[in-house]
Amino acid sequence: MAAVEIVDQMLGTPVAVEGPHGPIRLKWHKLRTRLAEAPFKRSNLVLGWQLGASLEVDILPTADGRFVVVHDPTLGPSTTGHGLVSGMPIASMKGLFHRNADGDGDPDAPVLSLAELLAPLRTLPRAPTANLQLDLKIVGGRRPPDSAVADAAAVTGIEGIIIGSHHLDDARRLAAAIPGARLGYDPMLAVSRQPGLRDPERLLRHIERRMAGVTLAYLRFDAIVAAEKRGFPLVARLLDLGIETDAWTVNPGRGISDAILSMLVEAKVRQITTDAPSEIFRLIRSF
């Protein structure tokens, strides 16, 4: 497969790779460009926005009805704090930092509210292909309060926003509060609860019944591989419905072979979520 780099020539940071069926975006998982760095670095948000990257941040509601940018329901051990996010007000997280792979808090990655993290994007030039997925986390079945939805609406005016979640009804509610926001659905939680959905044809029907307004499906890469091995073109069928597929989370190392990457590319995924875009780019380019 011939692949060409879509990358900032000076900084060498890939945002996509050209495949046989068109460009494949390399989404920076938790804003990471390297696996060992801290998540949600402000400098990576700025860089990706200017380069035209697909970016992702995770958001959870706090005790006082704000959205904070964190991945886990507890602050520890991924940040320098501790405690249940949903039980704490946003002000109590001031001065905390996300940790890198060595366990050190990174001053470039403070724990911030969604509004604080995204504030620079209001005045920063956006490359035409740049987009930002807000990955909505729901813990313990607690729906975000109206105040949190209103807090997220603070991103109004920032283009390229995508709301994605396992919890489609809550994602719809949030997307409706942000003019122009696109909608993505991750059905993998439903798959874990309903083993029958491991059948790719049943999974397709599950998504099709919920597809109103959905433009992206977030699928674990091994679910895509399993469908391809069974001879069912799940990703291509979703494309026929107008839904692109993001394969998550694809990082170098055990479990990710050239054969698996080639299968994802040939399946026509339009986006790959990764914490190591440069390495995934190089692996795909080597085919």
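Student: Before I click around, what are the ground rules here?

Tutor: This is a predicted model, with local features needing pLDDT of at least 70, side-chain atom pairs counting only at pLDDT 80 or more, and totals for chains, interfaces and linings using all residues. Residues are numbered from 1 along each chain as its sequence is written, and side-chain values use heavy atoms, with hydrogens and water left out.

Student: OK, so which residues have the most contacts inside the largest nonpolar core?

Tutor: Those are V57, L114, L118 and L132, in a core of 77 residues. A nonpolar core here is a set of buried Ala, Val, Leu, Ile, Met, Phe, Trp, Tyr and Cys residues joined through side-chain atoms within 4.5 Å. Buried means under 20% relative accessible area, exposed means over 50%, and partly exposed is in between, using a 1.4 Å probe and protein chains only.

Student: Which helix gives that core its largest share?

Tutor: Helix α7, residues 221-229, which puts in five residues. Helices (H or I, at least four residues) and strands (E, at least two) are DSSP runs, numbered from the N terminus.

Student: And is there another core apart from it? What's in there?

Tutor: Another core of ten residues lies apart from it, and V68, L75, V85 and M88 are among them.

Student: Back to L132. What does L132 touch?

Tutor: Leaving out residues up to four places away in sequence, L132 touches L45, W49, L55, E56, V57, L118, L121, G160, I161 and I162. Contact means heavy atoms within 4.5 Å.

Student: Let's do α7. Which of its residues are buried?

Tutor: F221, A223, I224, V225 and A227. Their cover includes α5 (188-193), α6 (200-209), β11 (214-220), α8 (234-240), β12 (244-248) and α9.

Student: How do α7 and α9 sit relative to each other, parallel or perpendicular?

Tutor: The axes of α7 and α9 (residues 258-266) come within 10 Å and cross at roughly 80°. That makes α7 roughly perpendicular to α9. Axes are lines fitted to C-alpha atoms, for helices over the stretch in contact, and angles run from 0 to 180 degrees between N-to-C directions. Angles under 35 degrees count as roughly parallel, over 145 as roughly antiparallel, 65 to 115 as roughly perpendicular, and the rest as oblique.

Student: Which residues meet there?

Tutor: From α7 you have F221, I224, V225, E228 and K229, and they meet I260, M263 and L264 in α9. I260 counts as buried because its relative accessibility is 19%.

Student: What happens just after α7?

Tutor: G231 takes a positive phi of about 80° there.

Student: Which strands does β4 pair with?

Tutor: β4 pairs with β8 (residues 131-136) in the parallel sense over six bridges, and E56 stands opposite Q133 in β8. Three bridges also join β4 to β5 (residues 67-69), and those two run antiparallel. On that side L60 stands opposite V68. Two strands pair if DSSP finds at least two bridges between them.

Student: What's in the hairpin between β4 and β5?

Tutor: Five residues lie between the strands, and G65 takes a positive phi near 75°.

Student: How about β2 and β3, parallel or antiparallel?

Tutor: Antiparallel, over four bridges. They form a hairpin with two residues between them, and A16 has R25 in β3 as its bridge partner.

Student: One more. Where does H29 sit, and is it buried or exposed?

Tutor: H29 is in the loop between β3 (22-28) and α1 (42-51). H29 counts as buried, at 11% relative accessibility. Its side chain makes a polar contact with the side chain of D275, at 3.1 Å. A polar contact is a pair of N or O atoms within 3.5 Å; within protein, one must be able to donate a hydrogen and the other to accept it, and residues adjacent in sequence count only if both atoms are side-chain atoms.

Student: And K41?

Tutor: K41 is in the loop between β3 and α1, and at 12% relative accessibility K41 counts as buried. Beyond four places in sequence, K41 touches L31, D106, D108 and A109.
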